Amino acid sequence: NVHHWQCLQYSNPYFNTCEPFSLTNGHGHSVPKNLYGYQCAKTGNAYASIVGIHEIDYRNPFPLPGDVDNRSYLQGRFSNALIKDTIYCVNYYVNRTEVLAGTLAFANIKNVDAHISDTILTENNGLGKRIKDITPQIKSKHIIADTANWTRISGLYKAHGGEQHITIGNFTTDDLTEIQRISDIIAGIFYFIDDVSVLPTNLTAPKLGKDTLLCRNTLPYTLTAPAGYDSILWSNGSTGNTLQVTTAGTYWVKCTATGCGELYDTVKISIRNTPTLNLPSTITVCLGDSLALTAQAGFSTYAWNTNQTTPSIYVSNAGNYKLTTTTVCGTQTDSTQVLLDSLPTFTLSLGKDTTLCNINNVNQPITLSTSHTMPHYAWSTGATTPTITVNKAGVYVLNGHYYCGTKTANIHVDDCLQGVPYSFYIPNAFTPNADKLNEVFAPKYYNITIDDFKIYTRRGNCVYELSTNPKGWDGMYKDLQCPTGEYIYKLIYTINATQQVVQKVGKVALLRD
């Protein structure tokens with residue numbers, strides 16, 4: 001409860017039903033009719049008044065010194081000192097007076113506020129002046145203009161302990177007071193005050209803690225509002241009792257007790273720029289090779305289960321490789337399972353070279369395949385299926401791609417020579433790699449006589465002549481292997497049936513892999 005009321009800087013502010021109304025004999029402080037108009041008490045039989053602003057003439061740039069910041073304040077004493085950290089609901093009712101001694105008051109103000117203090121406030125800016133350098137804890141939220149009804153002003157207050165006094169009035173200078181004026185002359189703005197209470201609640205003030213520097217691996221970080229409030233509002237618009245923080249920033253919470261007020265708290269969250277350990281779950285190493293296993297940079301220490309202490313290690317054996325790292329944010333652990341793989345040892349084959357059957361001058365298709373299953377197929381035709389169907393002569397190559405390398409096979413498919421006067425075919429590649437397939441480069445023909453056959457490098461050096469090796473070129477020159485690449489052949493042959501001489505020039509690719 002609040003009692004022992006007094007008025008600072010103003011005399012006779014008390015109005016009650018016991019005093020008869022009379023303006024002629026000085027008895028103008030009665031209730032409900034008095035020198036400021038007509039107003040019943042909010043409860044009981046009495047109320048008090050304060051001067052919000054005394055007088056302002058906006059036409060006069062040089063007001064009288066006695067008119068500037070002229071105020072009065074209502075002061076009361078608590079029956080018991082406030083208890084530390086207790087949240088109190090502060091309430092009081094105000095009513096704008098109708099007149100000032102029969103003169104209309106041509107304005108309303110917002111600043112009818114309250115200040116709670118350990119000791120009673122005294123004049124500190126001269127007689128009849130506002131109390132200087134005081135910030136009220138309870139503030140009105142809107143202009144108070146109602147002259148018929150009482151307007152409630154309320155707020156929540158967290159006690160620091162030992163407060164014993166409340167002071168109600170306008171603590172703001174004339175030029176900063178929020179005024180709703182109707183005329184250029186303000187003859188005085190008076191307010192009645194009634195039903196002042198400062199009552200303890202069971203609420204706890206929001207306390208988000210000190211500004212915090214977090215480690216990234218500890219996110220999300222939970223901010224919690226106290227229970228018991230009618231509504232909660234966070235800076236991101238959410239309304240739950242907790243807020244999950246995942247990014248740096250400034251966060252606030254507003255806790256509202258309906259009919260009394262709000263309390264706020266704010267905290268700044270910063271996040272350390274520390275790395276997150278993230279090794280691959282598995283890696284594959286080819287047999288006989290090694291592979292780098294690398295952790296993220298930025299850790300203070302690295303400790304592998306191989307006893308190495310560097311961010312990166314080379315692994316060549318199968319197993320589980322575990323890493324423990326440290327920063328100021330603590331320890332992180334992750335591991336990688338290393339698997340071994342190798343290129344299969346079998347020889348890839350598409351079978352023996354073959355010829356196409358020709359029925360009624362139409363080549364009959366054949367299917368090419370291998371007996372081995374491979375992870376990836378790549379044919380020289382562009383196909384990626386395990387089998388292909390062909391109906392043209394040529395050299396068909398299959399590459400089987402494995403993690404640790406490639407297996408290659410090829411096959412010569414010739415046209416059928418039966419039933420035609422002559423036939424001639426020369427491949428565009430051969431592979432002298434000792435796999436007994438496609439080892440020699442030579443033309444295939446029927447009813448034709450080869451007159452001359454030579455092979456040259458791209459610089460024009462002859463590396464093969466038919467006269468020295470009638471079986472074809474095996475990729476050798478003077479007992480040395482010729483390098484892989486493209487070579488030029490020149491061929492002269494005679495068609496036996498017509499004795500026509502034909503010259504051909506072409507390219508052939510020597511492949512060894």
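Hi everyone, let's start with one cysteine: Cys215 is buried, at 12% relative accessibility. Before I go on, please keep in mind that what you see is a predicted model.

So who is the partner of Cys215? Its sulfur sits 1.8 Å from that of Cys329, and the two form a disulfide. The torsion about that S-S bond is about -85°, so this disulfide is left-handed. As for where the ends are, Cys215 is in the loop between β18 (212–214) and β19 (221–224), while Cys329 is in the loop between β28 (319–327) and β29 (330–341). That makes this a link between distant parts of the chain, 114 residues apart. Cys329 is buried too, with a relative accessible area of 14%.

How many disulfides are there by the distance rule? The count comes to 3.

Let's take Cys89 and Cys260 next, which are joined with an S to S distance of 1.9 Å. Is this one left-handed or right-handed? The torsion is about 130°, so the bond of Cys89 and Cys260 is right-handed. Cys89 belongs to strand β8 (residues 87–96), and Cys260 to the loop between β22 (249–257) and β23 (261–271), so the bond ties together parts that are 171 residues apart in sequence. Cys89 has a relative accessible area of 13% and is buried; Cys260, at 6%, counts as buried as well.

That leaves the pair Cys286 and Cys404, with 2.0 Å from S to S. Here the angle about the S-S bond is -105°, and the link is left-handed. Cys286 lies in strand β24 (residues 282–286), whereas Cys404 is in the loop between β36 (394–402) and β37 (405–415), so parts 118 residues apart in sequence are tied together. Cys286 is buried, with 14% relative accessible area.

If you number the bonded cysteines in sequence order, the pairing reads 1-3, 2-5, 4-6.

Cys40 counts as partly exposed, at 41% relative accessibility. For Cys255, the closest cysteine sulfur is in Cys260, 13 Å from its own, again too far for a bond. Cys255 is buried, at 0% relative accessibility.

Finally, a quick look at a lysine. Lys110 is in the loop between β11 (107–109) and β12 (113–117). Is Lys110 buried or exposed? At 18% relative accessibility, Lys110 counts as buried. Setting aside neighbours within four places in sequence, its contacts are Ser140, Lys141, His142, Ile143, Ile144 and Glu178.

Key
Residues numbered from 1 in each chain as written. Predicted model: local features only at pLDDT ≥ 70, side-chain atom pairs only at ≥ 80, totals over all residues. Heavy atoms only, no water. Helix = DSSP H or I, 4+ residues; strand = E, 2+ residues; numbered from the N terminus. Buried < 20%, exposed > 50% of the residue type's maximum accessible area, 1.4 Å probe, protein only. Contact = heavy atoms within 4.5 Å. Disulfide = S-S within 2.5 Å.
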